[in-house]
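Look at the fold before you read on. Start with the sheet, then move to the ligand, and finish with a single residue.

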Amino acid sequence: MRVLILGGDGFCGWPTSLHLSALGHDVAIVDNLSRRKIDIELECESLTPIRPMHERLAAWKEVSGREVAFHYFDVAKDYQRLLDLIKEWEPHAIVHFAEQRAAPYSMKSSAHKRYTVDNNLNATNNVLAAVVESGLDIHIAHLGTMGVYGYGTAGMKIPEGYLRVKVETDDGAQVENEILYPANPGSIYHMTKTQDQLLFFFYNKNDKVRITDLHQGIVWGTQTKETRLDERLINRFDYDGDYGTVLNRFLMQAAVDYPLTVHGTGGQTRAFIHIQDTVRCIQIALENPPKPGDRVQIFNQMTETHRVRDLAQMIVDRTGAQIDYLPNPRNEADENDLHVRNDRFLALGLDPITLDEGLMEEVTGIARRYAQRADRSKIPCVSLWRAPAAAASQQAKVNQS
Ligand code: NAD
Ligand code: USQ
């Protein structure tokens, strides 16, 4: 299969590109290196020493004998380049990772909100419009987020994308239907993913584009089978307050003796998946495309759920780290339950890696190994969801009620 990977230099895109290449697929990457440029803006680097793209690709050729092509351009801005590439190379599938993916970064300022909306929505719309204009039947697999659902529960497991509803008609009869699960975004970033869903719905309905939307949980871990083969292939590891995600941050904090930064009570429950399972899920999704005429196919790409404070305790038990309960910079529920269906990937052969198996390997193999590259001043989360005055007045109202 010819697979075009948009955002193939990123944390999920790079190991996916290598995994698919190792399986024998022809892989080409498109990336504008915006994530590396944001490292410069934030004055912080991946904990792991990621190499420049051409060094990565040369190392992969040396190790595997396989070539991966790289095209440097902006999917959200350079529509003609994207269309020409699709027409010339005729990919069978496109995996779309090319979005700004950090919720805290998307909430830093009006400029960051606007960038995230411009980038993410234009990237997704450009991919869809280009596939339609090319006239080719290309399966698009998009990396979405569990956060499109919000993190609540209505007393049932969150279904895979669609909610069965019963509506009472004017004459009292009952009609059953399936609708997209109601969107409930918690940040500007998550809001762009809920809007992506509508773009997919429309292009699928109007143009019969075959689309798989993968509602992924928080990815943890660093290395996959292929990125371990040579240090020049190492995957990125974000630990800073904007891009670092909770479990990888805790692992790194334990390795550098920094108290684990639990927001609020740590009662937030979230869904998780290991990076090795991410690449396997994408393989499975590409091997099981929707049939022509099918509606958008949605999979919940997660393997387990955990409460933030339980994750912190798990790491304390293994490493003796301390926990610091901090005021929550976000506007989110202090405590929530989360029950999620993930039957579709399990039925297609996913054999999940659990936290129990992988945690200590991450602490010792990655976080401790590269601890000297850490800048402790970049650990605090400084992006606030609301101005401090607004947050304080809201809190006062809650306290009074
Ligand atoms: P990342 O920032 O590491 O990778 C994204 C890549 O896309 C970067 O290399 C960036 O340079 C590129 N990119 C962004 N905008 C682009 C544009 N307009 N044109 C070309 N390239 C562009 O993020 P990631 O963690 O690999 O996430 C990839 C996707 O998976 C995102 O869409 C994200 O929403 C989704 N996702 C990630 C996680 C996670 O925990 N990391 C969880 C759920 C979903
Ligand atoms: N948290 C802490 N301490 C920290 C960092 C985070 O307590 O030091 C808490 C947050 O307040 C939040 C939870 O941990 O309640 C998760 O935060 P996160 O930064 O790990 O994850 P999130 O912002 O939701 O975003 C990440 C990815 C995003 C993806 C999403 C999947 O960056 O791309 O879409 O996970 S999901 O969470 O399922 O929506």
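Which strands does helix α6 (residues 110-134) lie across? The helix lies across β1 (2-6), β4 (93-96), β5 (139-145) and β8 (211-216). It runs at about 175° to β4. Contact here means heavy atoms within 4.5 Å. Axes are lines fitted to C-alpha atoms, for helices over the stretch in contact, and angles run from 0 to 180 degrees between N-to-C directions. Helices (H or I, at least four residues) and strands (E, at least two) are DSSP runs, numbered from the N terminus.

This is a predicted model, in which local features need pLDDT of at least 70, side-chain atom pairs count only at pLDDT 80 or more, and totals for chains, interfaces and linings use all residues. Residues are numbered from 1 along each chain as its sequence is written, chains are lettered from A and ligands numbered from 1 in the order in which they are written, and side-chain values use heavy atoms, with hydrogens and water left out.

Now follow the sheet. Strands of a sheet pair through backbone hydrogen bonds, either parallel or antiparallel. Here seven strands form an open sheet with parallel pairing, in the order β3-β2-β1-β4-β5-β8-β12. Two strands count as paired if DSSP finds at least two bridges between them. β3 (68-71) and β12 (297-301) stand at the edges; each has a single partner strand, so one side of each is left without a neighbour in the sheet. From one strand to the next, the twist averages 20°. Strand β2 (residues 26-30) runs parallel to β3, and four bridges join them. Ile-29 has Phe-70 as its bridge partner in β3.

Next comes the ligand. Ligand 1 is surrounded by 28 residues (each with a heavy atom within 4 Å). The closest are Cys-12, Asp-31, Asn-119, Tyr-189 and Lys-193. A polar backbone atom of Cys-12 is 2.7 Å from an oxygen atom of ligand 1. A polar backbone atom of Val-219 is 3.0 Å from an oxygen atom of the ligand. Taken alone, ligand 1 exposes 820 Å², and the protein buries 97% of that (Shrake-Rupley method, 1.4 Å probe).

Last, find Asp-242. It sits in the loop between β9 (218-220) and α8 (246-255). Is Asp-242 buried or exposed? Asp-242 is buried, because its relative accessible area is 6%, and buried means under 20% (1.4 Å probe, protein chains only). Its side chain makes a polar contact with the side chain of Lys-108 (2.7 Å). A polar contact is a pair of N or O atoms within 3.5 Å; within protein, one must be able to donate a hydrogen and the other to accept it, and residues adjacent in sequence count only if both atoms are side-chain atoms.

Methods
Buried means under 20% relative accessible area, exposed over 50%, partly exposed in between (1.4 Å probe, protein chains only).
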